Amino acid sequence: MLRDITIDYEKITAKNTPKECMISSGHRACQGCGEILAMGMVTKAAGKDIIVANATGCMEIVTSPFPQTAWKLPWLHVAFENAGAVGSGIEAAIKVLHRQGKIKKKPHVICFAGDGATADIGLQSLSGAMERGHDMLYICYDNGAYMNTGTQRSGATPFGASTTTSPAGSSVPGKMQHRKDITRIMAAHNIPYVAQASPSHHLDLMRKIQKAMSISGPKFINILSPCHRGWRSKSDDAIALSRLAVNTCYWPLFEMENGKTRLTHTPKEKLPLKDFLRPQGRFAHLFRPENEWIIEQSQTQIDADWVALQDKGAAGAALE
Amino acid sequence: MAKKSLCAWQDLALGAAILAPGSAAKLKTGDWRTLIPRLDEDKCIKCGMCELYCPEFCISEGKDGFFRPNFAYCKGCGICANECPKQAIAMVMEEK
Amino acid sequence: MLKKRVGIEVSLAVAEAVKQARAQVISAYPITPQTHIVEELSTYVANGELDAEFIPVESEHSAMSAAVGAAAAGARVYTATSSQGLALMHEILFIASAQRLPIVMTVANRSLSGPISIWNDHSDIMAERDIGWVQLFVEDGQEATELTIAAFKIAEDHRVLLPVAVNMDGFILTHMIEPVIFPAQATVDKFLPPYKPALKLDPAKPVTMGPVGVPEVYLEAKKQCEQALLDSKAVVAEVLAEAGKTFERKYNLIETNGKKKAKTLFVTMGSLGESVWSAVEGLNEDGEDVGQVRIRLWRPFPVQEFKKACKGAKRLIVIDRAMSPGSVCGPVAQELKTIFYKDKDAPEIVNVIAGLGGRDVPVADFKEMYRLAKKGKLAKTYTLWGVDSNA
């Protein structure tokens with residue numbers, strides 16, 4: 001299902017990696033922010049013919065405090081829970097204005113939202129937009145909590161993580177529910193393209209953006225976005241941690257094109273989940289003997305998910 | 001003292017929109033920094049990984065092929081040093 | 001193409017008006033009693049009679065959010081809602097006006113839960129008085145049709161650039177079959193030229209819309225919108241006058257009926273005004289000194305025009321269609337008490353809150369209200385009409 005104006009693109013490689021970032025320096029993201037880094041990569045791959053709808057959250061706040069904007073793209077922020085709907089409106093306007101000859105080009109719509117704005121408060125709006133089939137790319141930058149308001153738990157917060165509203169206490173050792181798998185929820189919408197990406201694998205990430213942009217209809221990409229403030233880690237480890245997330249299979253890299261699953265990266269050596277958890281203060285309490293069952297349970301879950309994903313990938317490959 | 005307004009309401013763009021794209025570049029975030037990246041040119045292989053992974057988008061390739069940050073924006077996070085495949089970047093305390 | 005006169009359900013007449021206005025994006029979610037309007041619009045789109053994108057959103061919150069997105073991208077946008085739907089939009093209504101987006105919305109006025117009630121009153125819009133929108137109230141099908149078209153002209157005027165809500169009573173008006181004269185399409189096209197956005201989302205000229213309003217600019221942003229709303233009064237008057245000329249009717253911000261310079265005036269908004277008009281006619285025939293003032297423009301409130309219409313009156317019987325629990329009276333009466341405060345010749349203001357949740361208020365009841373008011377037997381605060389202990 002290619003776009004009506006097919007973008008005949010040259011696949012991004014290490015040699016031709018696009019360099020022009022559509023977010024300027026001088027933004028107010030924390031030092032070492034993994035989200036803005038991932039978002040910058042998205043804009044490099046997506047190019048200039050874009051309109052952005054940004055949900056309320058860190059990325060909206062740090063890029064737009066009046067009177068300056070970091071955005072070099074047309075950008076609209078409305079509220080927290082409605083990026084999907086706002087994007088729908090922009091896309092519909094583009095369609096009709098183009099059809100009526102009022103605009104010459106049809107810019108692509110990209111929505112940016114955090115995991116809270118995507119998997120929790122904005123799920124309805126996103127689900128509606130995907131179901132209606134708007135031609136747009138929705139990017140979730142998933143840092144696993146409400147970081148903008150001070151690291152409160154979200155539906156996407158991983159099992160066992162200590163947050164300001166799921167604190168690790170003597171009775172309850174952190175968040176006692178598993179992470180809401182928003183990528184799979186989006187896949188269940190049977191949209192033409194769903195993917196998971198990580199800034200540590202920047203070529204993979206940019207190629208997914210490129211591919212998504214070449215496909216007509218609704219697309220969803222979930223990007224792991226380390227936040228050292230919320231993850232209680234160091235300011236220099238956004239890439240290192242997102243790489244560990246991929247290599248422990250906590251955050252496998254895959255895409256689902258028209259329902260066919262393809263793993264886009266298989267770790268050379270699948271590392272134990274502990275390697276991803278240990279550098280993060282939000283999981284520190286899990287390394288106490290009484291809480292180790294949480295790590296074990298998480299590992300079991302990740303192993304099972306990984307096997308299932310590999311099976312799906314193999315099935316997808318067999319279909320081709 | 002009460003905080004002053006940035007401009008008269010009559011001078012605001014419609015709906016308080018911001019009309020100058022990328023104007024955040026006026027804000028020099030370099031003064032957030034405590035550690036500063038120091039490049040060892042002997043070790044550097046000019047691969048550009050530091051540029052790719054800079055969350056300030058402030059590292060670029062110079063005429064000599066070396067990648068260096070614009071210190072007006074570098075917040076000193078240290079990702080470039082952490083990701084350098086040749087350990088050619090060291091984060092050192094900046095003397096101000 | 002000539003104008004045509006047809007017997008039509010008012011909801012469908014409004015849909016026809018939106019079609020004649022050539023709306024480009026319509027986003028809507030079903031809610032009674034608004035639904036017939038958008039059903040008809042979706043049919044126009046499905047049949048190719050209206051070249052628009054119809055977005056069947058999954059909630060009213062998304063209806064308004066999509067409307068904001070579409071208007072920001074430069075399209076002429078329409079939506080309609082009622083009651084709970086309007087309440088669900090609440091958050092985004094403020095943002096639509098703050099971003100100066102000329103969205104037109106029909107509010108088929110309906111009571112708010114609980115208990116759940118699909119019937120008519122003004123509880124929904126009275127909870128949204130302060131959203132910064134231009135707010136009109138219409139009384140009959142012809143007015144609903146013509147002011148829907150005029151609403152786009154008001155909203156899109158570069159001196160205004162604010163969203164406009166056209167309020168019409170649910171069922172009482174939306175579901176009535178009335179004779180409506182439709183203007184010729186060419187007349188509408190001349191009256192309402194294509195929308196030219198002052199600012200829009202365009203990659204050729206990137207603009208940041210909806211940035212963070214730091215304390216040093218938030219106040220100025222609010223002031224800009226408030227001033228635009230205040231200034232819109234003159235534009236509304238101008239457009240209504242032009243609409244009157246174009247459609248061969250007469251539209252003022254405030255209308256008066258009945259005996260000139262009457263001592264007692266009923267004050268109404270919306271379709272209940274027609275029943276009051278019948279009551280006033282009857283009372284005038286009986287020699288009673290009573291008239292009627294109808295508020296067409298509710299926001300911005302036309303203070304001078306209203307005071308002028310009430311000149312010489314000793315008593316206003318203000319009919320409210322919503323409660324303001326814990327306050328001194330209903331919302332319209334509050335407004336009027338405020339504007340007359342400390343005026344030397346201020347009329348006495350008595351307030352009757354009537355017809356909540358679709359409770360019938362027949363013509364005879366208004367006559368009864370008049371008699372009670374004349375004898376000073378209506379409560380100083382307000383009377384909740386129809387509740388036994390008050391009757």
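Predicted model: local features only at pLDDT ≥ 70, side-chain atom pairs only at ≥ 80, totals over all residues.
Local features need pLDDT of at least 70, side-chain atom pairs count only at pLDDT 80 or more, and totals for chains, interfaces and linings use all residues. Residues are numbered from 1 along each chain as its sequence is written, chains are lettered from A in the order in which they are written, and side-chain values use heavy atoms, without hydrogens and water.

Student: Which three residues supply 24% of the area that chain B buries against chain A?
Tutor: Chain B and chain A bury about 2800 Å² between them, 61% of it on carbon and sulfur atoms. Buried area is the accessible area (1.4 Å probe) lost by two parts on being put together, summed over both. More of chain B's share than from any other three residues comes from B:Leu52, B:Tyr53 and B:Phe57.

Student: Which residue of chain B forms a salt bridge with A:Arg243?
Tutor: A salt bridge puts a side-chain nitrogen of Lys or Arg within 4 Å of a carboxyl oxygen of Asp or Glu. The count between chain B and chain A is 2. For A:Arg243, the closest N and O atoms are 2.5 Å apart, and the partner is B:Glu83.

Student: Is C:Pro163 buried or exposed?
Tutor: Buried means under 20% relative accessible area and exposed over 50%, with partly exposed in between (1.4 Å probe, protein chains only). Beyond its neighbours within four places in sequence, C:Pro163 has contacts (heavy atoms within 4.5 Å) that include C:Leu101 and C:Trp133. Because its relative accessibility is 0%, C:Pro163 counts as buried.
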